[in-house]
Amino acid sequence: MGANPKLFLRRLFRLAALLVLLDYAAEASEFNPYKVLGVSTHSSQAEIKKAYKQLAREWHPDKNKDPGAEDMFIKITKSYEILSNEERRANYDRFGQTDENQHHGQAPQGFRHFHDSFYFDQSFFHFTQSTRDFTDSKHLLRYEHYMNEVVPDSFKRPYLIKITSEWCFTCIHIEPIWKETVQELEAVGVGIGVVDIGYEKRLANHLGAHRTPSILGLINGKVTFFHYAISREHLRQFVESLLPQRLVEKVTDYNYLQFLNGWREENKPSVLLFDTVPTVPLLYKLTSFAYRDFVRFGYVDQGLTETTSILQQFNINTYAPTMLLFKENTEKPADVIQFRGMKKQIIDEFVSNNRFLLVPRLVNQKVFDELCPVKQFHRRRKYCVLLITGEDEAFVSVNDAFFDFASSNTKEVLRFAYVYQRQQQPLCDTLLKNEDMSPPQVRAKKSNVIILERRSAAGKVLYRTVTGGWNGSDEDKHRLHEQLELLQRDPSFLTYDAMLPELNNEFASMFLIQWANVAYDYLSQMYFDLLHSNWREMMPIVSLIFSALFILDFIKGFPPTTNGIHVSFFSSRPPKKNFVEVTELTDVTYTSNLVRLRPGHINVVLVLTEASKQVLLKKFAKEVYSFSGSHTLHYSFLNVDKHIQWMDTLLELAPDARPLDDEEVEGTSSCKQDYTGYVLALNGHKKYFCLFRPVFTGEEPDCSRSSDEDGGAARVRSRSSSRQRASTLQIHHKLDRLSLWMERLMEGTLPRHYVPAWPDLHSITPQK
């Protein structure tokens, strides 16, 4: 009795552990998975699965209150794990061994179950009474929800997705860590998703997740699998690794002026975060990713000696994180927030309210849509005051005067912007067509001011040019002020209307830089993916390599002629340099050119009729010729005289892609939709398409609105010859903007319309 009580307890514990292991080993030696499931050694996989499901429902601890239900349920699950795997089943049939028999003598080195994608830090775990808690139920994903909402949202924030099932006991083991991680990451803006492989097999297959548990990340539509030990820190690091590497620029005394002055080149406000931690906070990185298209982000580490001057320059309080937002004035911030323990909602509101410069430049259609929204009947009218100017030194004073005027007129109903005429020539030509004047570059360096209001998303606007032009004088400011006051009293002041063309993307020339940044992010993961033999994830990298070869060929220059075209019915030869090879999409070529198109490949299909075939094919070849060097793009045409049912079915499967005609007249619903000039970019592997709608040419559908009258058909025949001549002249204009659409296709910025399956092309529409 005089023995050390601690030593006695330690020995007693070891003896108890030894007895448990011996008892477990004896139980394992008597364990027979065939008897547990009630099947024979000759049973098929279907019979084994059926028996497992029936027993699992019967002995699930949530439904069966028998004291031994949990142990029996564990045996049933373990039996199915062995017999459902052919290799483990054969091993048991030959040697009578399970995984537990083989590895009892090994020291624990992290918990490794039947899943080998990642491992766990503890060796033992306890089963809970429920395999699904509120955290998972709240984030359950369905296939349609994932495709229509989660994938588009992944271009604004990353997602962390768990693959699980109701019968996965390894999933129960990671639940505490998963719940803590979800609470932390969801608070800063990370999207969370849970996929139950038992109910969403289709979505799990789409993600490439075939085992439970699995954890993966989704960003910009790209899926990346997690392979580390499950811990909060590793999951947090995994989410950070999904984000692009150059979201936030480190700013010091030496480069802060250069950073703030970048607004001229990039046409964006700048945000500086001052904090005492050496690394950029995840919340700030996520905000930078969400608003990267509108705002530039920098980070100042207050603990560095290289940031002393900038702290003094802006009088920064070092006791709480501070955010400064700069617009055109780089000496004084346009807005400031300082908040200890900043929240996502506060930062989002701060950045969202300041995502444009005071007088931004219209550089693409997206910026124009944001600055000059379409008029809504239930909202107050908003007007865009647009300065059409030049970009050389002679216009600096003129542009600065316009900025000064905008600074003193900060009414909510007015939005000020400017545009360089040389960069946006089609837009400027449309707005200035009613003015008897030469371009502003010739008129004594005098610019023009346009007041406009958007009336429809299709591009219809009401506008008026301010008389006298604009050279920044006091007289010009007074005249513009008077006309803006008159406009707010009398909206009919806008006397002209026009259909504006889509703006050129002035940053399209930066595509190579953007591609290089994306390539860097891919290559940084290549080594890791190779180690884990993730060939499903390696497919995008292979596609990236082929894209690199295409871009290198593209840089070498264009051929001297671009009007060649070659039409064939079987496309098996590689494209030559002096023509575009276009294949007709028929029931013979449909499977190979679409349904079984290789991953990463896209078929660009022109929709035409027999009458418009020659005209549209020539125009199509000219518009897509500069992209014909890509090995991932294929070109086809579809004759809707034969296959209009296919087009109708395809657009029915993707309702958001159907054309909307705001000015549709009642009584014309019987007139068939005219698909002539439509272009479809079809991704057969991922089952989505991008849609190009033709430019309006002023033609009317060839159908009679007076079909009930006896003379209706005669009047249509009398106009047929004149319409045919006009159609030949105008129909090629339907593809005028196709090359711009192709650029957006290559950049990956076009909206995607997903379909559950491709419709059949076997049926041919009868000719009438």
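1. Is the link of Cys 372 and Cys 384 left-handed or right-handed? With -45° about the S-S bond, this link is left-handed. The model is a predicted one, in which local features need pLDDT of at least 70 and side-chain atom pairs count only at pLDDT 80 or more, while totals for chains, interfaces and linings use all residues. Residues are numbered from 1 along each chain as its sequence is written, and side-chain values use heavy atoms, with hydrogens and water left out.

2. The structure holds one disulfide (a pair of cysteine sulfur atoms within 2.5 Å), and the sulfur atoms of Cys 372 and Cys 384, which form it, are 1.9 Å apart. Cys 372 lies in the loop between α17 (365-371) and β10 (383-389), whereas Cys 384 is in strand β10, so the pair ties together parts that are twelve residues apart in sequence. Helices (H or I, at least four residues) and strands (E, at least two) are DSSP runs, numbered from the N terminus.

3. Cys 372 and Cys 384 are both buried, where buried means under 20% relative accessible area, exposed over 50% and partly exposed in between (1.4 Å probe, protein chains only). Cys 428 is buried as well, with a relative accessible area of 0%, and Cys 690 counts as buried at 3%.
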